[in-house]
Amino acid sequence: LDTTIRVRVIKERIHLQVKELISKENGTYVRNEYQKRLRTVPHIIEGHVLNELCKTDKYQDSFLMGMLITERKIAQIEDCVIALDINHYCGITDYELEVEFDKEISPNILKILRQENLYKKENAKGKYERFAIQILKTM
C-alpha cells in the first residue's frame with residue numbers, strides 16, 4: 001500500500017497519522033510521515049483535513065475500517081530504533097520486527113541484521129496490509 005492513514009491512541013493521546021510511500025527496495029521503505037493531534041477517534045476523516053496535513057489536494061474522505069491493537073517493545077541502538085510489535089486484529093495475533101532510521105542505515109546495524117539473517121531482499125507485507133486483507137475477508 002502506498003499510503004497509510006491511521007488514528008493512533010497512545011496513553012490517551014489521539015493522533016491522526018499519514019504515511020506516504022516514497023520508495024521501497026530490499027525490504028527497506030522510505031516514507032513521508034505526517035501527524036496531527038485529535039480530540040476523538042473519528043469514523044470519517046474528511047479529505048480536506050488530510051490535504052491540509054499533507055499539503056496536497058489528492059485525498060478524499062477516509063472511513064474507519066476496524067481496530068488493530070499493537071503492543072510495542074523498543075530498543076534504541078545508535079541512530080536506530082528497533083521495535084518488536086505484537087499485533088492483534090480480527091482474532092489474529094502476529095509479530096513484526098521494525099528497524100527505523102532517521103538518516104541512512106548505519107553500517108554497524110546493517111552488519112548485525114545480516115549476521116542474524118534479519119535483512120531480507122524481498123518486501124514483506126506490513127501490519128496495515130495484513131490487517132486490511134483480514135478486514136476484506138470478513139466483508
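Colleague: Why does Phe131 count as buried?

Modeller: The model is predicted, so every value here is computed from it. Phe131 has a relative accessibility of 6%. Buried means under 20%. The value of 6% falls under that cut-off, so Phe131 counts as buried.

Colleague: What makes Tyr89 buried?

Modeller: Its relative accessibility is 4%. The limit for buried is under 20%, so Tyr89 counts as buried.

Colleague: How many aromatic pairs does the whole structure hold?

Modeller: The search finds 2. Tyr89 and Phe131 make one of them, with ring centres 5.9 Å apart.

Colleague: Why is the pair of Tyr89 and Phe131 called edge-to-face?

Modeller: Take two steps. The centres are 5.9 Å apart, and rings pair within 6.5 Å, so they pair. The planes stand at 90 degrees, and over 60 counts as edge-to-face, so that is the name.

Colleague: What makes this pair a tie between parts of the chain?

Modeller: Look at where each residue lies. Tyr89 is in strand S7, residues 80-89, and Phe131 is in helix H3, residues 127-137. These parts are 42 residues apart in sequence, so the pair ties them together.

Colleague: Why is the pair of Tyr128 and Phe131 called tilted?

Modeller: The angle between the planes is 50 degrees. Stacked needs under 30 and edge-to-face needs over 60, so the angle of 50 degrees is tilted. The distance is 6.4 Å centre to centre, and the limit is within 6.5 Å, so the rings do pair.

Colleague: How do you know that about one helical turn separates Tyr128 and Phe131?

Modeller: They are 3 residues apart in helix H3, which means about one helical turn.

Colleague: Is Tyr128 buried or partly exposed?

Modeller: Partly exposed, with a relative accessible area of 24%. Buried is under 20% and exposed is over 50%, so 24% falls in between. Tyr89, Tyr128 and Phe131 form one aromatic cluster.

Colleague: Which other residues of H3 are buried?

Modeller: Besides Phe131, they are Lys127, Arg130, Ala132, Gln134 and Ile135. The buried residues of H3 pack against strand S6 (69-77), S7 and strand S8 (92-101).

Colleague: How do you know that Arg130 is buried?

Modeller: Its relative accessibility is 19%. Buried means under 20%, so Arg130 counts as buried.

Colleague: What makes Asp94 and Arg130 a salt bridge?

Modeller: Their side chains meet at 2.7 Å, N to O. The limit is within 4 Å, so the contact counts as a salt bridge. The pair links distant parts of the chain: Asp94 in strand S8 and Arg130 in helix H3, 36 residues apart.

Colleague: Why is the meeting of Arg130 and Glu96 called a salt bridge?

Modeller: Here the N to O distance is 3.8 Å. That is within 4 Å, so it counts. This pair also links distant parts: Arg130 in helix H3 and Glu96 in strand S8, 34 residues apart. Glu96 has 14% relative accessibility, and buried means under 20%, so Glu96 is buried.

Colleague: What makes Arg72 and Asp85 a salt bridge?

Modeller: Their side chains meet at 2.6 Å, N to O. Arg72 lies in strand S6 and Asp85 in strand S7, so the pair ties together parts that are 13 residues apart in sequence. The cut-off is within 4 Å, so 2.6 Å qualifies.

Colleague: How many salt bridges does the structure hold, and which residues are linked in a network?

Modeller: There are 8 salt bridges. The network links Arg72, Asp85, Asp94, Glu96, Glu98, Lys127 and Arg130.

Colleague: Which residues make the nonpolar surface patch?

Modeller: Leu84, Tyr95, Leu97 and Leu118, with about 390 Å². Leu84 lies in strand S7.

Colleague: What pattern does the chain follow along the sequence?

Modeller: The pattern is β-β-β-β-α-β-β-β-β-α-α. That covers 3 helices and 8 strands. Of the 139 residues, 27% count as buried.

Terms used. Residues numbered from 1 in each chain as written. Predicted model: local features only at pLDDT ≥ 70, side-chain atom pairs only at ≥ 80, totals over all residues. Heavy atoms only, no water. Phe/Tyr/Trp six-rings, centres within 6.5 Å; stacked < 30°, edge-to-face > 60°. Helix = DSSP H or I, 4+ residues; strand = E, 2+ residues; numbered from the N terminus. Buried < 20%, exposed > 50% of the residue type's maximum accessible area, 1.4 Å probe, protein only. Patch = residues over 30% accessible without salt bridge, like charges linked within 9 Å, V, L, I, M, F, W, Y side chains within 5 Å. Areas by Shrake-Rupley, 256 points an atom, 1.4 Å probe, with all protein chains shown as cover. Contact = heavy atoms within 4.5 Å.
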